[in-house]
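Take a look at the structure below. We start with the ligand and then turn to the nonpolar core.

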Amino acid sequence: MVIIGAGQAGLQIAECLRRGGHAGRLTLLGEEPWPPYQRPPLSKKYLAGDLADERVFCRPLAQLAKQEIEFRANTRVVAIDRTARAVVLASGERLAYTGLAIATGARPRALPVAGAEHPAVCYLRGLQDAQGLQAKLVRAQQVVVIGGGFIGLEVAATAREAGKTVSVIEGADRLMARAVAPGISSYFAQTHRARGVDLRFGCQVSGLVPVAAGGLRVELSDGGVLHADLVVAGVGALPNQELAAQAGLACANGIVVDEYARTNDPLIVAAGDCTWHVNRRYPAPLRLESVQNAVDQAKIAALSLLGVAQPYQDLPWFWSDQYDVKLQIAGLSLAHDTTVVRGGSEAFSVFYFAAGALVGVDSINRPADHMLARKLLSAGRAVTPAQAVDLAFDLKALLQDPTG
Ligand SMILES: Cc1cc2nc3c(=O)[nH]c(=O)nc-3n(C[C@H](O)[C@H](O)[C@H](O)COP(=O)(O)OP(=O)(O)OC[C@H]3O[C@@H](n4cnc5c(N)ncnc54)[C@H](O)[C@@H]3O)c2cc1C
């Protein structure tokens with residue numbers, strides 16, 4: 001078995017294959033110089049300098065060796081030869097497979113603006129990006145973040161906590177608009193503004209012009225101008241699907257896989273950020289960028305390679321840490337018609353309903369609500385808006401088996 005991509009999903013596939021009984025050769029190929037690591041800390045504690053490199057690694061290397069997972073770092077796959085059933089490495093070496101998993105992740109979308117190739121403009125995806133950004137952040141005083149999504153806002157919070165002057169430029173009229181409802185966006189806008197972040201909505205960066213004294217002049221579409229020693233672009237990610245597409249596998253907004261994480265080649269599965277996938281809970285295919293999806297979908301992909309067809313139906317969940325605020329998201333809630341709020345102004349959960357059914361819960365500083373929401377949504381338990389809003393009502397009781 002060969003796995004392309006040694007990230008969160010690739011590692012999980014490898015370990016599940018072993019645990020699931022694959023006794024043959026198992027090779028995990030990663031183009032980066034490190035063993036599999038967690039990306040979430042890169043915009044949070046790691047960027048702040050509060051976490052050593054070893055702490056972001058998912059496993060000690062010895063643990064991979066113990067499981068007889070042949071992990072190869074600095075190894076880029078450049079082609080999949082489906083006819084010969086082999087992958088081709090950048091070195092020219094070919095590795096034959098009987099089963100192949102693609103877990104190549106995603107990469108930052110490049111800023112489509114003149115001047116964006118300047119060294120003061122950074123992206124954040126990998127450990128190397130985080131190391132570079134960390135070094136630049138220490139020296140910078142004025143930081144401009146382009147994009148008010150999760151990564152941009154986490155970087156903004158880290159930079160602000162390090163005492164930098166921070167502006168966030170967002171094209172939409174609210175923060176994290178692709179993922180949360182307006183109430184959560186305004187809570188975070190208030191939080192960032194209260195910490196001194198300059199938030200600019202409804203405008204784009206139209207030019208980045210080097211300044212003789214150093215740094216960049218950031219020109220905005222509304223006529224505004226900012227100075228930046230450091231620009232961080234967090235304007236979305238693109239799935240790494242080119243290898244699959246070149247091998248003739250179906251691709252859309254990601255590598256197309258069915259509910260068993262299978263591509264249109266029966267010997268090849270895919271999992272994680274790179275997939276356009278089916279989750280039985282939802283009517284339309286999805287692409288998600290989350291640890292939950294990488295890990296849970298990887299388990300399904302490994303089972304498929306082992307000949308066990310188990311449909312993917314796990315509940316999506318996600319989190320984001322900004323300052324001392326923890327946002328936790330359970331379910332996909334954008335298509336909702338009713339919302340109610342449980343809790344007070346600094347710790348609360350928004351419950352989202354569509355046609356009377358609970359579809360998602362966003363919790364701010366209420367981790368117990370989040371854990372409970374995951375259980376309620378996973379089990380498909382009926383919750384009414386009146387129960388959700390009533391702090392005296394014990395939502396846990398709804399988890400008990402109604403048949404006794
Ligand atoms: C800064 C940051 C913060 C985040 N914070 C959160 C968070 O708070 N909560 C959350 O749920 N999610 C968060 N995420 C998202 C989460 O980290 C990803 O969804 C997850 O890492 C996806 O795992 P993956 O295995 O699909 O992809 P990746 O982790 O990207 O792994 C893919 C690997 O494949 C390698 N690769 C690609 N092409 C090749 C090739 N041709 N040959 C060999 N190797 C290749 C890549 O180099 C990479 O190492 C964050 C992401 C980032 C970048």
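**The ligand and its shell**

In this predicted model, the ligand lies between two domains, because domain 1 (2–107 + 237–305) and domain 2 (110–233) both give residues to the shell around it. The shell holds 32 residues. Of these, Glu31, Glu32, Lys44, Arg125 and Asp273 come nearest to the ligand. By type, the shell divides into 14 nonpolar, 10 polar and 8 charged residues. Three elements, α1 (8–19), α8 (291–305) and β22 (317–322), each supply at least two of its residues.

How much of the ligand's accessible area does the protein cover? On its own the ligand has 1000 Å², and the protein covers 96% of it.

**The largest nonpolar core**

In soluble globular proteins, nonpolar side chains tend to be buried together. Here the largest nonpolar core has 44 residues. Val143, Ile184, Phe188 and Leu327 touch the most other members. The helices α4 (127–139), α5 (150–161) and α6 (182–194) each supply at least two core residues. So do the strands β10 (142–146), β11 (165–170), β16 (230–233), β23 (325–330) and β25 (348–354). The largest share, 6 residues, comes from α5.

Technical notes
Residues are numbered from 1 along each chain as its sequence is written. This is a predicted model: local features need pLDDT of at least 70, side-chain atom pairs count only at pLDDT 80 or more; totals for chains, interfaces and linings use all residues. Side-chain values use heavy atoms; hydrogens and water are left out. A residue is near a molecule or strand if one of its heavy atoms lies within 4 Å of it. Accessible areas come from the Shrake-Rupley method with a 1.4 Å probe; for residues, only the protein chains shown count as cover. Helices (H or I, at least four residues) and strands (E, at least two) are DSSP runs, numbered from the N terminus. Ala, Val, Leu, Ile, Met, Phe, Trp, Tyr, Cys and Pro count as nonpolar, Asp, Glu, Lys and Arg as charged, and the others, Gly among them, as polar. Domain bounds come from an automatic or database domain assignment. A nonpolar core is a set of buried Ala, Val, Leu, Ile, Met, Phe, Trp, Tyr and Cys residues joined through side-chain atoms within 4.5 Å. Buried means under 20% relative accessible area, exposed over 50%, partly exposed in between (1.4 Å probe, protein chains only).
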